[in-house]
Structure formats: C-alpha cells, structure tokens
Amino acid sequence: MPHIVLHLSGPVDAALGQRSVDKVIDLTCRVLGKKPEVISIQVLFTPSEQWFIAGKTLAETGRSAFHLDISVTDETNTKAEKAQFIRELHAAFKELRPDLHEVSYVHVIDARAAAYGYGGRTQEFRHQQAGV
C-alpha cells in the first residue's frame, strides 16, 4: 500500500510524470513510512484549458496545478505525519513547477483495513496473519 492517483495540469509530459512519481515515492516512504514495492501510482494529465480554479482556467491564469489522492490504511499514520506529507509534497511540486497555483490539493484517504487491500487480500487479513 498505498494507491496514489496524481493529476497534473498541462499536456502529457513523460519527464514531468517521472520526476513527479520520484518525488511522491520519496515522500511516501520517508514521511509516511510506506514500502516502495507496494506503492502504485497512476498519473493523469488534464489540459490547462480544462482545469478551473475560481472559475478561470489555468491556461487563462498562466498557472499549473496538481491534485493527489493517496489511500493508506487507517490508523497507520499520525496527524503530524499526514500534515508533514501534505506540506512537503506541496513544496516539492512548487520546485517542479514554479508557476504552481496554491489551490493544488492533497487528500490522504484513511481507508479501513477490512475494506482495502491488494493481491486479493485485505489489509486486515494481512494484519491478522502477522499476529499483531
């Protein structure tokens, strides 16, 4: 775990996508303590003409934006860790995209262990099998 969906504004840019994934993986491992071998990331690009903030497109304002949803197993991260992740992630994207609009969101989704998993097994099952 976790599963991540990253939306980036602008045309498809494989190099930006890879740099973004590298930053996200680093922060997810370092700040949230997740294992890199089970991090799944989907990167989606949205044309700036189709991304609106306050009723104006990013094309109109000359800005860029991102939105990241990350699903983690509930009760595996503290409020402080999640706050640090959101703070550092925004700073990392500001470095990647200096024209970044402040209204770029991060959503840490605390998913119940019994309702979330991969490989056909829930996180609750994994927890019980570990004898924790």
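Helix α1 has 17 residues, which at 1.5 Å a residue should span 24 Å, and its end C-alpha atoms do lie 24 Å apart; the expected span is 1.5 Å times one less than the number of residues. The model is predicted: local features need pLDDT of at least 70, side-chain atom pairs count only at pLDDT 80 or more, and totals for chains, interfaces and linings use all residues. Residues are numbered from 1 along each chain as its sequence is written, and side-chain values use heavy atoms, with hydrogens and water left out. Helices (H or I, at least four residues) and strands (E, at least two) are DSSP runs, numbered from the N terminus.

**Helix α1**
- Its buried residues (under 20% relative accessible area, 1.4 Å probe, protein chains only) are Leu 16, Gly 17, Ser 20, Val 21, Val 24, Leu 27 and Thr 28.
- Seen down the axis of α1, these residues fall within an arc of 135°, so they line one face of the helix; the arc is that of the directions from the helix axis to the C-beta atoms.
- The buried residues of α1 pack against β1, β2, β5 and α3, contact meaning heavy atoms within 4.5 Å.

**Sheet**
- An open sheet of 4 strands has the order β2-β1-β5-β6 and mixed pairing, where two strands pair if DSSP finds at least two bridges between them.
- The edge strands, each pairing on one side only, are β2 (40-46) and β6 (105-111).
- Strands β1 (residues 3-9) and β5 (residues 66-73) run antiparallel and are joined by 6 bridges.
- His 7 stands opposite His 67 in β5.

Methods. Buried < 20%, exposed > 50% of the residue type's maximum accessible area, 1.4 Å probe, protein only.
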